[in-house]
Amino acid sequence: METTGQDRRTAEIDGDFVVFLIGARFDPRHPIRTFLDLGGRRGMRHMLDHLVAHPEKGLLGYTMGFPVIVQYWRSFEHLEAFARDQDDPHLAAWRNYYRRNARTGIWHETYLVKAGQYEAIYGNMPPFGLGKAGRLVPLRESSTARLRVRRRDDVDGPVPAG
């Protein structure tokens, strides 16, 4: 079990990154069909294990939740390449889903995050979410959400109020 930090920390990650949310609407009346619709033993857990074993594919980290999995990617190009590569496990599972005329609902959302355009805080937490995909750093006492989400380059100036 991971130990919790006895402090307040924030997450930092170098450069732009992608947040990818993916989930499913399970049918409790048909759990086996749902499991098979979602790839069975070659489904999401298999894909995530593959990505962890191949960090060059661009997955920075993930949080397995129910019914939503949050993934952090180095770039949209990495995410798209994984989704389309015949040698990676996603394409076969996706094609199988549509071949089965699956009735299990699936969805995903993709967010492109510019460097410094995010905010995170962790109090007495082990590495989690963005803090696990990037790195956790101590939070200054004077830090506020507005200061953490500010632009980090001098060119664009401060984020306007409102």
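Predicted model: local features only at pLDDT ≥ 70, side-chain atom pairs only at ≥ 80, totals over all residues.
Residues count as buried under 20% relative accessible area and as exposed over 50%.

Helix α2 spans residues 44–53, and its buried residues are Met47, Leu48, His50 and Leu51. Viewed down the axis of α2, the buried residues fall within an arc of 160°, so they line one face of the helix. An α-helix has 3.6 residues a turn, so residues three or four places apart point the same way. The face of α2 turned away from the buried side carries Val52 and Ala53, which are exposed. The packing partners of the buried α2 residues are two strands, β3 (59–64) and β4 (68–73), together with helices α3 and α4.

Helices α3 (residues 76–84) and α4 (residues 89–99) also meet each other. Their axes come within 5 Å and cross at roughly 60°. The two helices are therefore oblique to each other. On the α3 side, the contact involves Phe82, Ala83 and Arg84. Pro89, His90 and Leu91 meet them from α4. Four residues of this contact are nonpolar, one is polar and one is charged.

An open sheet is built from three strands in the order β6-β1-β7, with antiparallel pairing. Strand β1 (residues 8–12) runs antiparallel to β7 and is joined to it by four bridges.

Methods
Residues numbered from 1 in each chain as written. Heavy atoms only, no water. Axes fitted to C-alpha atoms, helices over the stretch in contact; angles between N-to-C directions. Parallel < 35°, antiparallel > 145°, perpendicular 65-115°, else oblique. Contact = heavy atoms within 4.5 Å. Nonpolar A, V, L, I, M, F, W, Y, C, P; charged D, E, K, R; others polar. Pairing = 2+ DSSP bridges. Buried < 20%, exposed > 50% of the residue type's maximum accessible area, 1.4 Å probe, protein only. Arc of directions from axis to C-beta.
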